[in-house]
Amino acid sequence: MRHAHTVEEVRAAEAALAGQPLMDRAVAGLAATCARLLRERRGRVYGSRVLVLAGSGDNGGDALFAGAALARRGAAVSAVLLSPERAHPGGLAALRATGGQVTVDQNVGLADFSRADLILDGIVGIGGRGGLRPAAAPYASAARRGLLVAVDLPSGVDADTGEVPGAALRADLTVTFGTYKPGLLIDPGAGHAGPVQLVPIGLRPPTAAVQAPQHADLAALLPRPDRESDKYRRGVVGVLAGSERYPGAALLAVAGALHGGAGAVRYLGRPAEEVVRRHPEVLLTSGRVQSWVVGPGSGEDTPDALEIALAAEVPVLVDADGLTELARRGPGALAGRTAPTLLTPHAGEAARLLGGEVTADQVAAARLRYARELAARYGAVVLLKGSSTVVARPDGAVRVNPTGTGWLATAGSGDVLAGLAGALLAAGLPPFDAAPAAAYLHGLAGRLAAAGNRAPGSGVIGTVSDRGEAPITAQEVAAALPAAWRDVTASQGGHQQASTGLGD
Ligand SMILES: NC(=O)C1=CN([C@@H]2O[C@H](COP(=O)(O)OP(=O)(O)OC[C@H]3O[C@@H](n4cnc5c(N)ncnc54)[C@H](OP(=O)(O)O)[C@@H]3O)[C@@H](O)[C@H]2O)[C@@H](O)CC1
Ligand SMILES: [K+]
């Protein structure tokens, strides 16, 4: 698991290590990464042009010290001070001692910004509040040709939430210190951070409320049949999806469910003939199920389907049309449930579930906040879909999915996810495990399918490049689920991150 700590937790962990050279450790890791990037891009550090954007706190100090370290290796380093009278004295002295240029003229700074091979964003780190201030804002939109490395986090991104209240810098890579921060894992902040590299500095913060699973975590979670297994022990998932108007949703939800580790899929919707023609292994009779998936494309049958599912004493996943109906009924509709409920809204459905108090755009801009709000209000685990899928539990614990890809934003992709998560519920995983596991496999399957079932190219950490990828259909995502599953289980026994660069 990657643990993402709040600013308050980081500060407390830092205080416990008072007197230790934390900044030296941070700077050493930052400078080493910058030197590596310059060697990769230009062949050497010597002669590279480096610009340091330095704000008024220790974040600026880190950037100035790292600039000094690069200058000692022959880089031509200049720094622009955003808050000249409060720049970090030690960092400034260190840079000056190497002959680095320092300016307070923002026009000079912006000109250097466009020319530099590498830019260090040390405007503001975990001490930042609100969007960038006016002196710094032009750097968020200025043109550049070089790489931008964010120091600890991209300036303008809220460390605790990933919200971006105003202008923010967009990094090619973020070098973060001591622990991850929620804002680096959750969009829109995650999109500004790019790949994130963690530099350990000895912090020992508590278990984090926000975590991002990795290959090894998934491998430990996924159900595995044993010699005693039969279909009921492995779990039977009931699917109440699809309608005459939307038969495809049934086919895709069933396809997802068939790959989710349950022993059998029971389908109880209208386009049953089409479902069994495509998926002959599906049961069409009513009978025992260990979980229900209700809502994808269920159209006018939704009220009845929701009734059946919610009355059952087994875990229920509510998606799509089921969520629209649930929004109409409100949180009270889940009040009598004895078994867990998992809701899988996208931002628009989440806004509806919140009673229209907010818009879809507001939900998408504050994903952590609204996923938690929904989970608390409905007393259910909520999987908020989107560019960085967030799973929240009513007590506020959160799991963020690191495997997502833009290619998954395609019709029917959510139906596959619903079936898959429902099958993991039937197999016995609690919803706060089933939901992130499903999102992880689904994202990985999307990446594998987009890359033609070759291992996707790996980025620095946690992201993959989209080189050599192609658009995919939801059917292809479902078809790639076994490959995703294999990729994850192959990571056990020390072979994690075997092919996809997603281990930690
Ligand atoms: N924690 C650790 O273990 C370690 C932490 N380390 C490093 O320290 C960093 C934290 O340093 P920090 O506390 O000095 O805060 P920092 O982020 O530099 O910003 C504060 C300054 O910014 C200003 N400011 C505020 N908002 C702003 C805005 N929107 N736009 C512009 N300016 C804004 C604010 O000004 P004020 O509000 O006072 O006017 C204040 O002066 C951390 O991110 C990491 O890099 C490592 O060295 C090693 C170990
Ligand atoms: K920064």
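Mentor: The protein is divided into domain 1 (2–210) and domain 2 (215–489), with bounds from an automatic or database domain assignment. This is a predicted model: local features need pLDDT of at least 70, side-chain atom pairs count only at pLDDT 80 or more, and totals for chains, interfaces and linings use all residues. Residues are numbered from 1 along each chain as its sequence is written, while chains are lettered from A and ligands numbered from 1 in the order in which they are written.

The centres of the two domains, taken over C-alpha atoms, lie 38 Å apart. Their contact takes 16 residues from domain 1 and 18 residues from domain 2. Two residues are in contact if their C-beta atoms, placed from the backbone, lie within 7 Å. On the domain 1 side, helix H7 (182–185), helix H8 (189–193) and strand E8 (196–199) each give two or more residues. Helices (H or I, at least four residues) and strands (E, at least two) are DSSP runs, numbered from the N terminus. That side divides into ten nonpolar, four polar and two charged residues. Here Ala, Val, Leu, Ile, Met, Phe, Trp, Tyr, Cys and Pro count as nonpolar, Asp, Glu, Lys and Arg as charged, and the others, Gly among them, as polar.

Now your site. Which residues does UniProt list for "binding site"? The unreviewed entry gives Lys 385, Gly 386, Ser 387, Ser 388, Thr 389 and Gly 414. They span 30 residues in sequence, yet no two of their C-alpha atoms are more than 14.0 Å apart, so they gather at one spot. UniProt positions follow the numbering used here, feature names are shortened, and annotations may be inferred rather than shown by experiment.

Take Gly 386. It sits in the loop between strand E15 (381–384) and strand E16 (390–392). Gly 386 is buried, because 20 other C-beta atoms lie within 10 Å. The cut-offs, for C-beta atoms placed from the backbone: buried is 20 or more others within 10 Å of a residue's own, exposed is 12 or fewer, and partly exposed is in between. Not counting residues up to four places away in sequence, Gly 386 touches Asp 187, His 346, Ala 347, Ala 364 and Arg 367.

Next, Gly 414. This residue belongs to helix H18 (residues 413–426). Gly 414 counts as buried because it has 26 C-beta neighbours inside 10 Å. Leaving aside neighbours within four places in sequence, Gly 414 is in contact with Asp 319, Ala 320 and Lys 385. Lys 385 is itself on the UniProt list.
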